[in-house]
Structures are given as C-alpha cells and as structure tokens.
Amino acid sequence: LLVTEPNPADENSVSYVMLQNLDKSEKAHGLIELLGSIVAEPFYDDLRTKQQLGYIVSCGVRGLAGTRTISFIVQSNVASSAVLSVSIFKFLDYVEDNILQKLSEADVSVYVKSLIDRKTEPVKDLATEVIRNWSEISSGRLEFDRIQNEAKALVDIGKHDLLEFWRSLYSRNGRRMIITEIIPREGDASSPLPAPSSGYESGDNLDSGLVLGIDDIPQFRWDTEKLLATPQSLSE
C-alpha cells in the first residue's frame, strides 16, 4: 500500500512491514513472541544505530482476530519510504543465517525462560486483570487461561522449532505479508508521489499492489471487502 502523507508539513516517510501467522495454537503464539524478543534488538541496532535511517525503529507482536502478527516499522526524515522498505527486507533476509542459526540451544532456552517469566508474572493491579479478561470476553474467545497455556507450550520449544517457524512465516512460498509506505510531499525523505489510486476500485490490479492517493483513504477503508476477497494478493 502506498499512501501520500495527508499533512503537507509532515516530512517523515514510513515503511511498515507486517507478517501474519494464521496458526492459532498456543505454541505458534509463543513462537512468534519468542521471535519478536530475539530480533527486536538487532533490528533496532542495525537500522537505527548503525544505518541511522530513522528516529523511530521498532519491532513488535500483536494479536489480530485470534492470529498473531509481527511488524517492523521505520519512520525517517532523511530516507525515502522505498529505501526504508529495502533496508527492512535486507534485515529480514539476514535473520535466519546471521541471528537464528547462530543461537545455541542454551541461548534459545534463555529467551524461552524470559518469556515464560513475563507471562507468569503475577498481575500487580486490578486494572490490568480487568483489561485482560475483558479482551477475552469482547473477542468471544473466553480463554481466560490463555496466557498460562501459552507459557506451558513454550517449555518444549527449541532451536529447530524456531527455525521452522521463521521459514514458514517468511522464507517459504505462501507467506502472508503486507507492506505499507507513507510518502511525504516535501523534505529529504520525499519521493515521487503515488498515483491518485489504483488496484482496488476495479479489482483488476490487485496482484501488482494497491496504491492509495490522499483522497482515497476513507474509500479504501469502506472497500476492504474487495481486498479480503483476494487474500492471495497479500501473500505474494
């Protein structure tokens, strides 16, 4: 998705890359969180500290309709959104051989224990417990022991599980990924603006991606049914 920055005074470009895993099991949820805890610091160190591409560089995991996604985001006022996207993908291509493969089983165990400790830490205030339980009610899952079950599933996870999960999430065909770029109109991070719109109105150009102009964002939100009808275009 290419989106023109609506505010002409905002000179920041953004690239946001999201990978989705459809496995709703506790083990898959634990694996993607484990992966996030392992790659977050190297991602920041590479793109922020070493390359100095942007002042906002982060990686995070979130829930989406019972599934989990891992996202990589960079915001910059010195590099275009296309440069940011290329840099994110260079990092992702680097993950297996230069980060995951270099971990020992003992290293993985340390990350696993840290994640289990975070999940099993007693709730310290009522508000946190209410929010957690209400989330289960509002989503309709009603899995009030979900975090405890995810912690149990983490116990037997090893390096092989982590590598196989990363390959299914990113390296193999059929991955589910969406890339969003915000393109400023002025400044060092600006680049040629996208066309007013293409890709979703007719449904004919979804394979080549979606391009949103400044006036098309509300229409796109209303028109997402066409996007959902062709999910293969997001997994290419």
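Biologist: How many bridges join strand β2 (residues 13–21) to β5?
Modeller: This is a predicted model. In it, strands β2 and β5 run antiparallel. The number of bridges that join β2 to β5 is seven.

Biologist: In the hairpin of β3 and β4, which residue takes a positive phi?
Modeller: Strand β3 (residues 56–64) is joined to β4 by nine bridges, and the two run antiparallel. One of the bridge pairs is Gly 63 with Arg 68 in β4. Two residues lie between the strands of this hairpin, and the positive phi, near 55°, is that of Ala 65.

Biologist: Is Leu 22 buried, partly exposed or exposed?
Modeller: The relative accessible area of Leu 22 is 48%. Buried means under 20% and exposed over 50%, so a value in between has its own class. Leu 22 is therefore partly exposed.

Biologist: Is the pair of rings of Phe 72 and Phe 91 stacked, edge-to-face or tilted?
Modeller: The count of aromatic pairs comes to five. In the pair of Phe 72 and Phe 91, the ring centres are 6.5 Å apart and the planes stand at 55°. Planes under 30 degrees apart count as stacked and those over 60 as edge-to-face, so the remaining class applies. The pair of Phe 72 and Phe 91 is therefore tilted.

Biologist: How many residues apart are Phe 72 and Phe 91?
Modeller: Phe 72 counts as buried at 0% relative accessibility, and Phe 91 counts as buried at 1%. Their pair links distant parts of the chain, with Phe 72 in strand β4 (residues 67–76) and Phe 91 in helix α2 (residues 81–100), and the number of residues apart is 19.

Biologist: What is the angle between the planes of Trp 166 and Tyr 170?
Modeller: Trp 166 and Tyr 170 are four residues apart in helix α6 (residues 159–171), which means a separation of about one helical turn. Trp 166 counts as buried at 1% relative accessibility, as does Tyr 170 at 6%. Their rings form a stacked aromatic pair at 5.1 Å centre to centre, and the angle between the planes is 25°.

Biologist: How many residues apart in sequence are the parts tied together by Glu 96 and Arg 167?
Modeller: The side chains of Glu 96 and Arg 167 meet in a salt bridge of 2.8 Å, N to O. Because Glu 96 lies in helix α2 and Arg 167 in helix α6, the pair ties together parts whose separation in residues is 71.

Biologist: Which residues are linked in a network of salt bridges?
Modeller: Glu 164 also forms a salt bridge with Arg 167, with the closest N and O atoms 2.9 Å apart. Glu 164 and Arg 167 are three residues apart in helix α6, about one helical turn. The network of salt bridges links Glu 96, Glu 164 and Arg 167.

Biologist: In which helix do Lys 113 and Asp 117 both lie?
Modeller: The side chains of Lys 113 and Asp 117 meet in a salt bridge of 2.9 Å, N to O. Lys 113 is exposed at 52% relative accessible area, whereas Asp 117 counts as partly exposed at 38%. The two are four residues apart, about one turn, and both lie in helix α3.

Biologist: What is the area of the nonpolar surface patch made by Leu 126, Val 130, Trp 134 and Ile 137?
Modeller: Ile 137 has its place in helix α4 (residues 126–139). Ile 137 is partly exposed, with a relative accessible area of 41%. Together with Leu 126, Val 130 and Trp 134, Ile 137 makes a nonpolar patch of about 440 Å².

Key:
Residues numbered from 1 in each chain as written. Predicted model: local features only at pLDDT ≥ 70, side-chain atom pairs only at ≥ 80, totals over all residues. Heavy atoms only, no water. Patch = residues over 30% accessible without salt bridge, like charges linked within 9 Å, V, L, I, M, F, W, Y side chains within 5 Å. Areas by Shrake-Rupley, 256 points an atom, 1.4 Å probe, with all protein chains shown as cover. Salt bridge = Lys/Arg side-chain N within 4 Å of Asp/Glu carboxyl O. Buried < 20%, exposed > 50% of the residue type's maximum accessible area, 1.4 Å probe, protein only. Pairing = 2+ DSSP bridges. Phe/Tyr/Trp six-rings, centres within 6.5 Å; stacked < 30°, edge-to-face > 60°.
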